[in-house]
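Dear colleague,

Please find the structure below, handed over for your study. My notes on it follow directly after.

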Amino acid sequence: MLIAALTVCIASLIAAVVQTSAGRVDVQGIRLPTQNGQLLVADLFKPKTATAGNPAPLIVVIPGFQRSKEALSNIALELARRGFVVISIDPYAQGGSSSSMSRRAATTEGYGMFAVVDYAASTENLNYVDRTRIGATGHSAGGNAAIRGASYFGREAQRTGQPSKLHSVFVSGYVLTLTDDVLDDVRSNVGMSYAYYDEGAYRNEMQNADMRRAPEALRLVNSGITPAEPPIREVRLGHYYGNAATRTLRVVYNERILHPFQPYMIEATANQIAYFEKVFGVASGLASDDQVWYWKELFSLVALIAGMIALVPLGRLLLDTPAFRSLAHPLPDPQPQPSGQGRLIFWSLFVLGALIACFSYIPMTELSQVLFVSASNREMTWFFPQRMNNAVVLWALFNGLVGFAIFFLSYHLHGKRHGIRPGMWGAATSARELALTFTLAMTLFACYYLFLFGLYYVLHIDYRFLFMGVRVFKPVEFMMLWMYAPFFFVFLLSNSLRVNGAMRIEGQPEWRSMLIAGLGNSLGLLFIVIVQYVTFAATGTVYWTDGWLYVNLLFAVIPMMFVLPYFNRYFFRMTGRIYLGPMTTSLIFIMILLTNTVSYLPL
């Protein structure tokens, strides 16, 4: 455990060194009260070169739907190490920020960016910011927020006769609002980047992602030219049109990448850096492809893995204490090696479970929109307020019940007549033992998150890799845990019963047993991703169009589903019972889910 904890500390320290450019950039969390009693939480990246005597441009970074400020820390730290002041926000209803009174917060409030720009353009507190050089960048829905901000502040500029407060914006991964009614009011420089393999391109006017002749890209470029100039008929990718000094500069990029991975592409990041250096006249001396953000991602991933691994020796250590020693039981006998009919039944039910998991996911996403109307309509509610996780919780509950049914079907069809006894399952327990097991699970949860809170307080670093992260949580999210966790517990307990009561086979190496369990728990969801992207590769359109965001959610869910059986097995080996694993994971892993999505909680 000491090695794992030390690994977490060292990896987090290195990640913090990268994030702060070895101390040349100060990084701190800030909170900004905004309209209607709303609250915006953000990270401020302030280079030490930005002073009252040498004010620097400010860029507001806006993550997309289901993303927090940490998810775009790569572009934030790269801009900051080049001398830009950066404020990376948690969009409304995401991360640490409050919900918004608006159901269209990205459109009407820029996810909170409008309030930041208004504040930065008027306050003396940020005297190290050049108020004439304020920009914004965002990906996906954050890109929509950026162009909406350019239009909003452009209208304000026309009313006041002053330059727009928003000097320049960069729109990544979103072109749906590059319309005449939006662009007509823009009084800012605009850069745009769109993934050539964007899964949402079926919604574009030409139903593809090629920006060279896309009407959206052509409207953007032509919005910056004078009436005397002939209109552009085909966009030259990467070519600067217009004039930065008159805020008519336009540029379009079309990187060959998928939508969710575009922010983490070196080329896409370099394009944003080059754009902001050009429009703001900044000569940092660093090439745009001179990037270090991936080292932060690598070491925060190491911290994430080591932190998870530490739960196992910590659990073993706690089980050696007098308080929890009674929870340790001898391991039950493993299942006999199946053969013949038994082997056929095992693999048939294994495939059946994966297929049910696959074919039930999209229907559960649709059912969630019927059962949880308020959250699905982006209305504030205390009743299951997480729109995306509501679909996952229904899927988990349904497949947990299916898992129990498959387990007992296998037992009655074959196991009962071939030497399988309920005592082999490790399910025998008492109310007192369950209560003590839950106390141990809560202790593990508390230790895990207290350590994370400490690291975040000292280093301003959490555990993450790209858009998958273990974040510190708000008190209200701890309250939500008790709303969601019981339903997930059904799935996790079912998994623990199957992993330890049906997949722990005599003579089979543990690595193979756990690999089969991990695949069994994640294969159904993996099938969905495979179908989605094989169809996309073959036809240019994803298989599930209306539900494509729910499919994208699986990039973060599938790795969690794969590792869950490993924890269920390790905790089973410590206790001889199936309960500690699902209790612990329903606390820790479900908190991870709850802190990485949208929550439409009342103000």
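Helix 1 (residues 2–19) and helix 9 (residues 293–309) have axes that come within 8 Å and cross at roughly 160 degrees. Axes here are lines fitted to C-alpha atoms, for helices over the stretch in contact, and angles run from 0 to 180 degrees between N-to-C directions. Helix 1 is therefore roughly antiparallel to helix 9 (angles under 35 degrees count as roughly parallel, over 145 as roughly antiparallel, 65 to 115 as roughly perpendicular and the rest as oblique). The crossing of helix 1 past helix 9 is left-handed; a crossing has this name if the near helix is turned anticlockwise from the far one by less than a right angle, and is right-handed if clockwise. Among the residues that make the contact are Ala4, Val8 and Ala15 of helix 1 and Trp295, Phe299 and Ala303 of helix 9, where contact means heavy atoms within 4.5 Å. Helices (H or I, at least four residues) and strands (E, at least two) are DSSP runs, numbered from the N terminus.

The model is a predicted one, in which local features need pLDDT of at least 70 and side-chain atom pairs count only at pLDDT 80 or more, while totals for chains, interfaces and linings use all residues. Residues are numbered from 1 along each chain as its sequence is written, and side-chain values use heavy atoms, with hydrogens and water left out.

The contact includes Phe478, Trp482 and Phe489 of helix 15 and Met583, Ile590 and Leu594 of helix 18.

I turn next to the aromatic rings. The structure holds 42 aromatic pairs (rings of Phe, Tyr and Trp, the last by its six-membered ring, pair if their centres lie within 6.5 Å; planes under 30 degrees apart count as stacked, over 60 as edge-to-face and the rest as tilted). One of them joins Phe372 and Phe384, whose ring centres are 5.1 Å apart and whose planes stand at 45 degrees, so the pair is tilted. Phe372 lies in the loop between helix 11 (341–371) and helix 12 (373–376), and Phe384 in the loop between helix 12 and helix 13 (387–413), so the pair ties together parts that are twelve residues apart in sequence. Phe372 is buried at 8% relative accessibility, and Phe384 is buried at 9% (buried means under 20% relative accessible area, exposed over 50%, partly exposed in between, with a 1.4 Å probe and protein chains only).

The rings of Phe567 and Phe589 have centres 5.7 Å apart and planes at 65 degrees, so this pair is edge-to-face. Phe567 belongs to helix 17 (residues 548–575) and Phe589 to helix 18 (residues 580–594), so the pair ties together parts that are 22 residues apart in sequence. Both Phe567 and Phe589 are buried. Ring pairs also link a cluster that includes Phe438, Tyr449 and Trp482.

Finally, two residues other than glycine deserve a look. Gln207 has a positive phi, near 60 degrees, and its place is in the loop between strand 7 (189–193) and helix 7 (215–222). Is Gln207 buried or exposed? Gln207 is exposed, with a relative accessible area of 55%. Arg247 also has a positive phi near 60 degrees, but at 15% relative accessibility Arg247 counts as buried.

Yours sincerely
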